[in-house]
Amino acid sequence: MTEERRCAKAVMMGSRIIVWDVEEASRLYKEGFYGRYIGVPKPKELELKRPIELSPVEALYLMEKGRLKIYDEEGKELDLRTFREWARGIYDMFDEVYEVYKDLRSRGYVVRPGLKFGTTFAVYKYGPGIDHAPFLVHVMPYESKLDPIEIIRAGRLSHSVRKKFIIAVVSPQNKEVKYYMFRWFKA
Amino acid sequence: MRIRNDDWTMSTEKVKAVIKEDRVIIDDFRRADEIHRNGFYGEFDEKGRLILEPVEALYLVERGRLEVMDSQGRSFDFTELVRYFSKRDKDLWVKYTIYHDLRRRGYIVKPGFSRRVEFRVYERGSNPDREVARYLVCGVVEGIRVDFRDLARMVEDARRAKKELILAVMDRQGDIAYYAVTSISL
């Protein structure tokens, strides 16, 4: 398999990013749980003959890895800078969220959206459907301050869904990601 | 929840103490020792006097164990004492609320070393004269956001002191919930 074949092609549809080619799509999903099969929220099998939709952080990550090329609706290829600019415009705190995504992926974790748990990411050691206890990572801007109510929410949430709840902040100086875990303490 | 009922078999008479700036001092060594041994309040100075922090003095006054006077022998009641210390420390009431809550739950509580709302907290039944505190409890208050730099400092202080960091989150009515915080590397 050549590098050329491993580079998938995605097309931007409005603010969504779709890999239409079903072979490329299932390869991305299978190799690292990238994207989501369109219309299939919880796939029973790794390989489905369906296109996938990628989140902006996934798309940029794959682009940086040379595994994805992104085209606009007119068929023009986007470079990294243009895509990042665009992503900043449609996703709040894109840079911080991306740093955390990249950090977790580089440590070998499978990083999926955590929206249904109420967090930025749900993080798996092996992948959804394989390990059932992801930990939840919520990205917060470093310059914002932590509202004590967030601490309570963090502790409550982790307690109720029985998952580790982690707040991630990116240091503005060196882009280092710090992870803080909160859990309810029975005094 | 466990409510501690200290056993005052030694004496029912209030111990007399004198206020000096932001400390309360017990001169009588025998009485001081009695206070110190029953809950490890205060620290002895080199002259054998027991020096109490404001929160400790308030707690003992509230429990009817201590009578605090100024140098003229005029006695302070609990509210006067709160007012007196609050003038010197704007966080006094927050500190006292958390201190009181932890003591009431049976922990042995010592003031922290930093300027924030902070306590060193020992497991129930331990001896602070011989053991180290297991927890570093820092107070945060609803409505006041915590800077991530400050959080990082708390985590770092606790790590260096080999203690568990606990945030005492206080709501606007003084209710407290406790949360353990750890900095983790994934």
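Modeller: A polar contact here is a pair of N or O atoms within 3.5 Å; within protein, one of them must be able to donate a hydrogen and the other to accept it. In this predicted model, the rule finds eight residue pairs in polar contact across the interface of domain 1 of chain A and domain 2 of chain A, both residues being at pLDDT 80 or more. On the domain 1 side, α2 (22-32), α3 (56-64) and α4 (80-90) of chain A each supply at least two of the residues that touch domain 2 of chain A. Of the elements on that side, α3(A) gives the most, with six residues. Sorted by class, the side of domain 1 of chain A that touches domain 2 of chain A has ten nonpolar, two polar and five charged residues.

Asp95(A) forms a salt bridge with Arg88(A), and their closest N and O atoms are 2.8 Å apart.

As for the division itself, domain 1 of chain A covers 1-91 and domain 2 covers 92-187. The contact takes 17 residues from domain 1 of chain A and 19 residues from domain 2 of chain A. The C-alpha centres of the two domains of chain A lie 23 Å apart.

The area comes last. Domain 1 and domain 2 of chain A bury about 1600 Å² between them, and 60% of it is on carbon and sulfur atoms. Of the area that domain 1 of chain A buries against domain 2 of chain A, 44% is supplied by Phe33(A), Val57(A) and Tyr91(A), more than by any other three residues.

Key:
Residues numbered from 1 in each chain as written. Chains lettered and ligands numbered in written order. Predicted model: local features only at pLDDT ≥ 70, side-chain atom pairs only at ≥ 80, totals over all residues. Heavy atoms only, no water. Domains from an automatic or database assignment. Contact = heavy atoms within 4.5 Å. Buried area = accessible area lost by both parts, 1.4 Å probe. Salt bridge = Lys/Arg side-chain N within 4 Å of Asp/Glu carboxyl O. Polar contact = N/O pair within 3.5 Å; in protein donor to acceptor, adjacent residues only side chain to side chain. Helix = DSSP H or I, 4+ residues; strand = E, 2+ residues; numbered from the N terminus. Nonpolar A, V, L, I, M, F, W, Y, C, P; charged D, E, K, R; others polar.
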